[in-house]
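Me: I would like to go through the terms used for this model one by one, and to set each value against its definition.

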Amino acid sequence: MTAAAWLMLAAAVIAFSAMGMTLRNLARYRPAPLVSPSPHLPLLPLVSVCIPARNEEENIEPCIASVLSSEGVPIEVLVYDDQSTDATPRIIAALAAGDPRIRVVPTIPLPAGWNGKQHACWRMAQAAAGRWLLFTDADVRFRPDAVARAVALAEQRDVGLLSTFPRQRTGTLGEALLIPMIHFILLSYLPVGRMRATTDPAASAGCGQFLLVRRDAYDASGGHSAFKDSMHDGVRMPRAIRRAGFRTDLFDGTDLADCRMYRGLGATWRGFAKNAFEGLGSAPLLALLSAVHLLGHVVPWIYLGLALAGVVERNDPVAIALAALAVAFNIAQRTALALRFRQPAVAVPLHPISITLMTLIQWHSLALHLLGRRSWRGRTQGSTAPPSPEQPAHREATAP
């Protein structure tokens, strides 16, 4: 075979491996069973839903409203205003005044060495009364049966932590190109079967939009204090729980919650760049993953396109056939993901562009990490912010 044919063979093997892993994982990554209320079944335990809020005036009320609509499980809602400078504190105070299930944890200045979100979640965890703690984000919306089904599944599987990736809604092409990469990475590289067979921290995953953790597991792991400076609780919490000797698991929550994480390409890029490298944690691993992604998911498209355009010689039918096979595997994988998770169809034929953008973001994230410039919502990692003018009134109105 020619050098081009060998290269395309490697590409086809990579593409087939990713597709095969995804299809196997999709068979295991299942929705939570329905919960049928019955007087003969024990009541589910209290769940403390913890919502950190920093400048979330557009999101906080609909998020809390969706949680309060929960059925089949007792809940309390804890909210922490993370030094917001918009109307978030006033909205939270008004909501808490109207429903005794809402408790607002008093805001204090961000301690040195803490990431804002991790500190907010830590503060709420200390005040929570539930057997289960559900950490979520203000832009998530829950169906009425979401919490009950998740808790029932967690108790059934006897895990210390259960997580899911809500349905990811997109509204622009930039979001459509990047947001579906979450499921692509997860299901291409995490063997769900091995995850369930071991407590190895490396064989775990989670999503910060939905982290359901049992109180004893949370306390034993050190909770958010175990990764207080992190910007990636979805990776760090499952690892901490496993190090403490508890199992973690994932389920498909596409039908239970949804979220529009970012708005537009710029916001999506910045949001991913803040923790993309932290999720990998190794420059050599990033270099290897970049090479694998470009070879298996970008180069075949370019080679096949050049061959069809007559730019490269067509007298290497083996290379062309292998490139076409790799592209077919890519399309099959992305189609399966799009159908299962209701992702935008336009992202399927634009797969190599998504891979390229994701790779660039990961390297940008590494640069930000090395330069100490990773930031989000006005804070650079490790920095603190002065209390906002809203806080004194907020604390007075919501003190326990």
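Reply: Searching the whole structure gives one cavity of 30 Å³ or more. The model is predicted, so local features need pLDDT of at least 70 and side-chain atom pairs count only at pLDDT 80 or more, while totals for chains, interfaces and linings use all residues. Residues are numbered from 1 along each chain as its sequence is written, and side-chain values use heavy atoms, with hydrogens and water left out.

Me: What makes a set of points a cavity, and how much space lies in the largest cavity?

Reply: On a 1 Å grid over the protein atoms alone, a cavity is a set of points where a 1.4 Å probe fits but cannot get out, and lining residues have an atom within 4 Å of a point. Grid points are joined across faces, edges and corners, and the volume is the space filled by probe spheres set on the points; for the largest cavity this is about 40 Å³. Its lining consists of Gln168, Thr170, Ile179, Pro180, His183, Phe341 and Gln343.

Me: How is the lining of the largest cavity divided by class?

Reply: Ala, Val, Leu, Ile, Met, Phe, Trp, Tyr, Cys and Pro count as nonpolar, Asp, Glu, Lys and Arg as charged, and the others, Gly among them, as polar. The lining of the largest cavity accordingly has three nonpolar, four polar and no charged residues.

Me: Why is H11 called oblique to H16?

Reply: Helices here are DSSP runs (H or I, at least four residues), numbered from the N terminus, and axes are lines fitted to C-alpha atoms over the stretch in contact, with angles from 0 to 180 degrees between N-to-C directions. The axes of H11 (residues 265–273) and H16 (residues 351–371) come within 8 Å and cross at roughly 55 degrees. Angles under 35 degrees count as roughly parallel, over 145 as roughly antiparallel, 65 to 115 as roughly perpendicular and the rest as oblique, and H11 is therefore oblique to H16.

Me: What makes H7 roughly perpendicular to H15?

Reply: The axes of H7 (residues 181–189) and H15 (residues 317–341) come within 10 Å and cross at roughly 115 degrees, which makes H7 roughly perpendicular to H15. Contact, meaning heavy atoms within 4.5 Å, is made by Met181, His183, Phe184, Leu187 and Ser188 of H7 with Gln333, Arg334, Leu337 and Phe341 of H15.

Me: Why is H7 described as roughly perpendicular to H16?

Reply: H7 and H16 pack at an angle of about 85 degrees, their axes being 11 Å apart, and H7 is therefore roughly perpendicular to H16.

Conventions
On a 1 Å grid over the protein atoms alone, a cavity is a set of points where a 1.4 Å probe fits but cannot get out, and a pocket is an open set with protein on both sides within 12 Å along at least five of seven lines; lining residues have an atom within 4 Å of a point. Helices (H or I, at least four residues) and strands (E, at least two) are DSSP runs, numbered from the N terminus.
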